[in-house]
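Please find below a colleague's note on the structure shown here.

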Amino acid sequence: MAAPITIEDIYKLFQRSQEEADRRFAEADRRAAAAKAEADRRAAEADRRAAEADHRAARLDRNMDRLEKVVEQTSKEVANLTTRWGQFVENLVEPGVVRLFQARGIEVQETHRRVKATRGTVKMEIDILAVDDEVAIAIEVKARLSQGDVDYFVEKLARFKQAFPRYADVQINGAMAGIEIDQGIDRYIHRQGLFLIRQSGETVEIANDEDFSPKVW
């Protein structure tokens with residue numbers, strides 16, 4: 001026959017249950033504290049990284065500001081250099097224009113530089129314009145001639161008489177002048193019906209063959 005359960009036995013059982021509950025509560029508290037500590041660590045790490053990102057972003061903004069200023073200054077210097085170089089080429093080309101074209105049988109008598117017109121939506125500037133009563137030669141001057149320059153000038157010539165209606169009854173020819181000419185561009189200019197003026201020693205010359213027939217606009 002089993003021994004009867006005493007109050008002492010019940011007390012011991014209750015005590016063990018309480019101890020187990022206390023142990024589990026303590027373990028839960030420990031885990032909660034560990035989780036909180038980990039969460040605090042991660043939050044602190046996130047704050048550190050965010051602060052570092054803000055610092056890098058601020059430094060990047062400062063660098064971009066400095067870079068923009070350098071680019072702006074460089075662009076101005078390049079533009080000034082390009083303008084001065086273009087003026088140098090014009091000064092080299094313009095004095096020989098009348099002589100060159102008269103030698104080709106085109107009796108231009110006068111030249112004008114930086115001829116500008118604005119008529120409605122048509123705006124145009126011609127670097128050098130050599131004229132006579134029956135013919136005008138629009139000359140585009142570049143330090144370096146590329147195919148893009150040629151295509152743009154041909155498009156400009158197609159609108160020339162819109163910009164300058166006083167030459168409506170005049171034969172318009174085109175010429176391009178350059179110191180440096182990209183490979184094959186001389187032949188491309190010839191195919192477009194344009195004269196090519198290039199440097200020859202201390203002066204300039206027309207590079208087209210004597211039998212060249214220019215396009216008329």
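**Note on side-chain contacts and backbone**

1. Arg 114 is partly exposed, with 36% relative accessible area; for this note, buried means under 20% relative accessible area, exposed over 50%, and partly exposed in between (1.4 Å probe, protein chains only). Arg 114 belongs to strand β1, residues 110-119. Helices (H or I, at least four residues) and strands (E, at least two) are DSSP runs, numbered from the N terminus. The backbone of Arg 114 deserves a remark: its phi is positive, at about 50°, although the residue is not a glycine.

2. On the basis of the model: this is a predicted model, in which local features need pLDDT of at least 70 and side-chain atom pairs count only at pLDDT 80 or more, while totals for chains, interfaces and linings use all residues. Residues are numbered from 1 along each chain as its sequence is written, and side-chain values use heavy atoms, with hydrogens and water left out.

3. Four aromatic pairs are present in the structure. Rings of Phe, Tyr and Trp (its six-membered ring) pair if their centres lie within 6.5 Å; planes under 30 degrees apart count as stacked, over 60 as edge-to-face and the rest as tilted. In one of the pairs, Phe 101 and Phe 195 have ring centres 5.0 Å apart and planes at 85°, so the arrangement is edge-to-face. This pair joins distant parts of the chain, 94 residues apart: Phe 101 is in helix α2 (residues 97-103) and Phe 195 in strand β5 (residues 195-200). Phe 101 is buried, at 0% relative accessibility, and Phe 195 is buried as well, at 3%.

4. Phe 195 also pairs with Phe 212; the ring centres are 5.2 Å apart and the planes at 70°, so this pair is edge-to-face. Here again distant parts of the chain are linked, since Phe 195 lies in strand β5 and Phe 212 in the segment after β6 (203-206), 17 residues apart. Phe 212 counts as buried because its relative accessibility is 11%. Through these ring pairs, Phe 101, Phe 195 and Phe 212 form a cluster.

5. How many salt bridges does a search of the whole structure find? The search finds 16, a salt bridge being a side-chain nitrogen of Lys or Arg within 4 Å of a carboxyl oxygen of Asp or Glu. One of them joins Glu 27 and Arg 31, at 2.9 Å from N to O. Both residues are in helix α1 (residues 7-93), four residues apart, about one turn of the helix. Glu 27 is partly exposed at 26% relative accessible area, whereas Arg 31 is exposed at 54%.

6. Helix α1 also holds Lys 36 and Asp 40, four residues apart, about one turn of the helix. Their side chains meet in a salt bridge with an N to O distance of 3.0 Å. Lys 36 is exposed, with a relative accessible area of 54%, and Asp 40 is partly exposed, with 42%.

7. A salt-bridge network links Glu 45, Arg 48, Arg 49, Glu 52 and Arg 56.

8. In the salt bridge between Lys 142 and Glu 140, the closest N and O atoms are 4.0 Å apart.
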